[in-house]
Amino acid sequence: MTAWRFAAALLCAFLIGANVNLAAVMLPQLMVGFAIAPPLAMFAWQSTVIAALVALLLGGLVVRLLPQQRAFNAILVIYAALTLASTFVGQFEAFVVARALQVGAGMLILSYLIYFLIRDDRPETSAVVIGPLFATFLIGYTTASISAGWVVDRHGWRWGLAAMLLAALPALAVPARGQRS
């Protein structure tokens, strides 16, 4: 595993972590933008956390069933499309669904990054890959109010979500070696 591939994976993990918790940062603006009560705004955040956990649980299975570069590329496109959909959607219900699916796709990207990094090295290095990626994901999650919150505060929640397209960029650098399909 090269240092730049690992660094790209760490950056992606950080951004995906921030993406999961971004809804908590957006709560006040979501309440105004969709004219909803605080419990519904909290539901938007909780749905993203639940989607992240479900995708994390299923990520290994998905990667095992579809371990190809083509499947990873499809998930990147789906992530980008869902990011744009959740950014421009006009109804709260559609926002919650698009956002939950978008976060789920982000977590699948993380699963693929782990797979690609371990696949190209010895299996005994998996702790060297998984530990730092998960820790960096959690740092992104817990610092979302700082790392992504300033975009939301200055430019609104829609721009904050659109900025999460950046999470896909470092992911493109990771699956450089190994099997192609």
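**Entry 1: T48**

I began with T48 and asked which residues T48 touches, not counting residues up to four places away in sequence. I found V20, A23, R99 and V103. The model is predicted, so I read every value here as computed from a prediction. T48 sits in helix α2. Is T48 buried or exposed? T48 is buried, with a relative accessible area of 0%. A polar atom of the T48 side chain lies 2.6 Å from the backbone oxygen of W45.

**Entry 2: Q102**

Next I went to Q102, which lies in helix α4. I noted a relative accessible area of 0% for Q102. Q102 counts as buried because that value is under the cut-off of 20%. What does the side chain of Q102 make a polar contact with? The partner is the side chain of R99, at 2.5 Å. Leaving aside neighbours within four places in sequence, I listed N19, Y79, L82, T83 and M164 in contact with Q102.

**Entry 3: α2 and α4**

I wrote down an angle of about 30°. Their axes are 7 Å apart. The crossing in which α2 passes α4 is right-handed. I sorted the residues of this contact into 18 nonpolar, six polar and one charged.

I also picked out L56, another residue found in helix α2. Its relative accessible area is 38%, and L56 is partly exposed. How many residues apart along the chain are L56 and M107? They are 51 residues apart, while their C-alpha atoms are separated by 5.9 Å.

**Entry 4: α1 and α5**

α1 and α5 pack at an angle of about 40°. Their axes lie 6 Å apart. α1 passes α5 in a right-handed crossing. On the α1 side I noted residues including F6, A9, L10, A13 and F14. On the α5 side I noted, among others, V128, V129, P132, L133 and F137. G17 of α1 and G140 of α5 are also among the residues that meet. What is the make-up of the α1 contact with α5? I have 15 nonpolar residues, four polar and no charged.

**Entry 5: the core**

I looked up the largest nonpolar core, and it has 56 residues. Which residues have the most contacts inside this core? They are M26, F95 and I109. The elements that give two or more residues are α1 (3-34), α2 (38-65), α3 (69-88), α4 (92-119), α5 (126-142), α8 (157-162) and α9 (168-171). The largest share, 16 residues, comes from α1.

Not counting residues up to four places away in sequence, I109 touches C12, I16, F72, I75, L76, Y79 and A171. Y79 was already in my notes as a contact of Q102. I16 was there too, among the α1 residues that meet α5.

**Entry 6: A35**

Last, I checked the loop between α1 and α2, where A35 has its place. What is the phi of A35? Phi is positive, about 50°, although A35 is not a glycine. I read a relative accessible area of 69% for A35. A35 is therefore exposed, as the value is over 50%.

Conventions. Residues numbered from 1 in each chain as written. Predicted model: local features only at pLDDT ≥ 70, side-chain atom pairs only at ≥ 80, totals over all residues. Heavy atoms only, no water. Core = buried A, V, L, I, M, F, W, Y, C linked by side-chain atoms within 4.5 Å. Buried < 20%, exposed > 50% of the residue type's maximum accessible area, 1.4 Å probe, protein only. Helix = DSSP H or I, 4+ residues; strand = E, 2+ residues; numbered from the N terminus. Contact = heavy atoms within 4.5 Å. Axes fitted to C-alpha atoms, helices over the stretch in contact; angles between N-to-C directions. Left-handed = near helix turned anticlockwise from the far one by under 90°. Nonpolar A, V, L, I, M, F, W, Y, C, P; charged D, E, K, R; others polar. Polar contact = N/O pair within 3.5 Å; in protein donor to acceptor, adjacent residues only side chain to side chain.
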